[in-house]
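Please read the numbered points with the sequence and the model at hand.

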Amino acid sequence: MNSSLSKTANGTGGRFGEGTGTLQRTINQFNQTQGSISTNPASLKSKLLGLEEVIKAIGDELNLHKKEVQILRSEKDTLESVLSMKTQDVKKTLNNEMSRIEEEMKRHFAHQKAENSRIQQQITALKGDKTALQQQLLGIQRRIAELEMQVGNEEHQ
């Protein structure tokens with residue numbers, strides 16, 4: 001029993017370590033009086049008082065650790081809250097960025113579509129011009145052939 005009390009009194013695992021020195025002193029005093037109890041039957045009362053002091057010290061340390069657990073839970077809740085708010089901020093920022101990029105993409109697609117349409121109209125107009133020029137070329141070639149025929153006929157006459 002004394003070794004387990006001694007481990008508790010050492011404050012092993014305690015974050016704050018407050019009150020463990022008092023508990024250690026109480027246990028040491030209890031251990032010293034325990035040796036004299038066997039020789040003096042009247043010291044049973046002092047042994048009970050010593051046990052009560054140890055119990056009180058352990059209770060005080062338990063209360064201290066309960067407060068520590070409360071503080072740690074509070075810190076955990078605060079950190080979770082901060083993390084949640086930061087997560088929401090990041091989501092909001094990313095959603096805004098996505099919306100901005102989508103709008104920019106729509107603008108670029110609309111501009112590209114208009115550019116494609118304009119180029120297609122130019123291609124159609126150029127094809128029409130080409131067809132007209134080919135017809136004019138054929139007409140001129142026929143006219144040249146007719147003129148050559150006329151020139152050839154005039155020379156033979």
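Predicted model: local features only at pLDDT ≥ 70, side-chain atom pairs only at ≥ 80, totals over all residues.

In which helix do E146 and R143 both lie, and how many residues apart are they? Point 1 takes up this question, and the later points turn to the remaining features.

1. E146 and R143 both lie in helix α3, at a spacing of three residues, which is about one turn of the helix. Their side chains meet in a salt bridge, with an N to O distance of 3.9 Å. A salt bridge is counted here when the nitrogen is within 4 Å of the carboxyl oxygen, so the pair qualifies. E146 has a relative accessible area of 45% and is partly exposed; R143, at 44%, is also partly exposed.

2. The mean pLDDT of the chain is 83, and 73% of the residues reach 70 or more. Confidence is highest in helix α3, with a mean of 94, and lowest in helix α1 (residues 2–10), with a mean of 42. Over residues 1–18 the pLDDT is below 50, and this stretch has 29 contacts in the model beyond near neighbours in sequence.

3. The overall architecture is helical: the chain has three helices and zero strands, and its pattern along the sequence is α-α-α. Helix α3 covers residues 44–156. The chain has 157 residues, of which 10% count as buried.

4. Two further values describe the chain as a whole. Among contacts with a separation of 6 or more, 59% are between residues 24 or more positions apart. The accessible surface comes to about 13100 Å², and carbon and sulfur atoms account for 58% of that surface.

5. Side chains of opposite charge can pair when their charged atoms come close. The whole structure holds eight salt bridges, one of which is the pair E146 and R143 described above.

6. Another of these pairs joins E104 to R100, with the closest N and O atoms 3.2 Å apart. Both residues belong to helix α3, and because they are four residues apart, about one helical turn separates them. How accessible is each partner of this pair? E104 has a relative accessible area of 29% and is partly exposed, while R100 is partly exposed at 43%.

7. E80 and K76 form a further salt bridge, in which the closest N and O atoms are 3.6 Å apart. The two residues lie four residues apart in helix α3, about one turn of the helix. E80 is partly exposed, with a relative accessible area of 44%, and for K76 the value is 44%, again partly exposed. Which residues are linked with K76 in a network of salt bridges? The network consists of K76, D77 and E80.

8. The surface also carries a nonpolar patch, formed by I101, M105 and F109. Together these residues have about 300 Å² of accessible area. I101 lies in helix α3.

Notes:
Residues numbered from 1 in each chain as written. Heavy atoms only, no water. Buried < 20%, exposed > 50% of the residue type's maximum accessible area, 1.4 Å probe, protein only. Contact = heavy atoms within 4.5 Å. Areas by Shrake-Rupley, 256 points an atom, 1.4 Å probe, with all protein chains shown as cover. Patch = residues over 30% accessible without salt bridge, like charges linked within 9 Å, V, L, I, M, F, W, Y side chains within 5 Å. pLDDT = per-residue confidence, 0-100.
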